[in-house]
Amino acid sequence: MSTDIEHVIIVGSGPAAHTAAVYAARAELSPLLFEGFMAGGVAAGGQLTTTTEVENYPGFPEGIMGPELMDQMRKQSVRLGTRIKTETVDSIDMSQRPFVVRSGSSEYRAESVIIATGATAKRLGLPGEEDYWQRGMSACAVCDGALPIFRDKPLVVIGGGDSACEEASYLAKFGSSVTMLVRRDELRASKAMQKRVFDNEKISIMWNTNATEVLGDGKLLTQVKVRNNKSGEEQVLDAGGLFYAIGHTPNTAFLNGQVETDETGYIITHGKSTATNVPGVFAAGDVQDRTYRQAVTAAGSGCMAALEAEKFLAESE
Ligand code: FAD
Ligand code: NDP
């Protein structure tokens, strides 16, 4: 075990982690950041490394490629004094302070920890999915829906929750039509979101329907095969875009239940802060945000977490 006791260890490498690192470094806390090594199947840099152009992160009037944005954030963290380890944190012992952070056979100690490990959109693993992911397929309509490839095309959304309804409503602005594939005969979404869908004449719903395969022309997705799970009837739908909205999995399993989460695993933060139920442990970004899940909101909460960690450390001296 390292004999040093860190002021703050940051776990994660998306916008939340790097914004926390920038603030913590400027506060002279000399943060140690674990960026992960393909943690949860995502490269260091987080979800934005899996996308192309990001048009809604302020400061880039022409847009910026997701991987480049994360590269710039990482450089900024390093320039200001963040030390980065390309390791995945396996567990954290929060039973006493300093906390013990374990990665492989190494152990590190820290007076405070910021959890910024993000969330992973669930995927279905359909035949053809690997070929057409980000080539007409996405799990984030708000991120990708405005791209030119989706303009005036028939679009398909899978899911029946609030996200699916929100995504269908958003996509209706760009596509020629939107078809929602709902696996039951009712929506899970709130009544208000349901109304938005029912009132939109560009949106139709195929009930009791599952997608079974995605098809394309080798470059882009062009069709989705579907099956009615009651009648067994199969159809092939023309589709310029397919959007999954079947929920996210927050990356909190490695915390082994020490931090309070909701029933789906999102960390519960207290009031308007990033404080968790464990004093000295803060959570930022998608791992604690089931509603907005955007780069800029992740960055904002990363800033909050660093400021709150700094205050915590000052008060516990
Ligand atoms: P993440 O970006 O999820 O990063 C968390 C990182 O922590 C990951 O790299 C993960 O591997 C790592 N990690 C996980 N567990 C561990 C561990 N135990 N140890 C070490 N590291 C770990 N938002 C926008 O605002 N605009 C967009 O255009 C946009 N486009 C998107 C396109 C796609 C395809 C996707 C999937 C999302 C998009 N988003 C967009 C959403 C945005 O990417 C997220 O809101 C944002 O990245 C969340 O940041 P985060 O810092 O919370 O975590
Ligand atoms: P939910 O878990 O609420 O909904 C997931 C949807 O996907 C359900 O309809 C579910 O079907 C369906 N689904 C899950 N797995 C599959 C599968 N394998 N095949 C086909 N369909 C599947 O997730 P959301 O992301 O929609 O919402 C998460 C939370 O965020 C909720 O609390 C929601 O209220 C909130 N939210 C609120 C918003 C708002 O108020 N504006 C916007 C977005 C999210 P089934 O119903 O059969 O289980």
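Q: Is Cys303 buried, partly exposed or exposed?
A: This is a predicted model, in which local features need pLDDT of at least 70 and side-chain atom pairs count only at pLDDT 80 or more, while totals for chains, interfaces and linings use all residues. Residues are numbered from 1 along each chain as its sequence is written, chains are lettered from A and ligands numbered from 1 in the order in which they are written, and side-chain values use heavy atoms, with hydrogens and water left out. Buried means under 20% relative accessible area, exposed over 50%, and partly exposed in between, with a 1.4 Å probe and protein chains only. Because its relative accessible area is 16%, Cys303 is buried.

Q: Which cysteines form a disulfide?
A: A disulfide is a pair of cysteine sulfur atoms within 2.5 Å, and a search of the whole structure finds one. The link is right-handed, with 60° about the S-S bond. Its sulfur atoms are 1.9 Å apart, and they belong to Cys140 and Cys143.

Q: How far from Cys165 is the nearest cysteine sulfur?
A: Cys143 is partly exposed, with a relative accessible area of 36%. Cys165, by contrast, is in no disulfide, and it counts as buried because its relative accessibility is 0%. The nearest cysteine sulfur to that of Cys165 is the one of Cys140, at 16 Å.

Q: What share of the accessible area of ligand 1 does the protein bury?
A: A residue is near a molecule if one of its heavy atoms lies within 4 Å of it, and of the 35 residues around ligand 1, Gln47, Asn56, Cys143, Asp286 and Ala295 come nearest. With areas from the Shrake-Rupley method and a 1.4 Å probe, ligand 1 taken alone exposes 1000 Å², of which the protein buries 96%.

Q: How many charged residues are in the shell around ligand 2?
A: The shell around ligand 2 holds 15 residues, and the closest are Gly160, Asp162, Ser163, Arg184 and Arg188. An N or O atom in the side chain of Arg184 is 2.7 Å from an oxygen atom of ligand 2, and a polar side-chain atom of Arg290 lies 3.0 Å from an oxygen atom of this ligand. Ala, Val, Leu, Ile, Met, Phe, Trp, Tyr, Cys and Pro count as nonpolar, Asp, Glu, Lys and Arg as charged, and the others, Gly among them, as polar. By this division the shell has three nonpolar and five polar residues, while the charged ones number seven.

Methods:
Polar contact = N/O pair within 3.5 Å; in protein donor to acceptor, adjacent residues only side chain to side chain.
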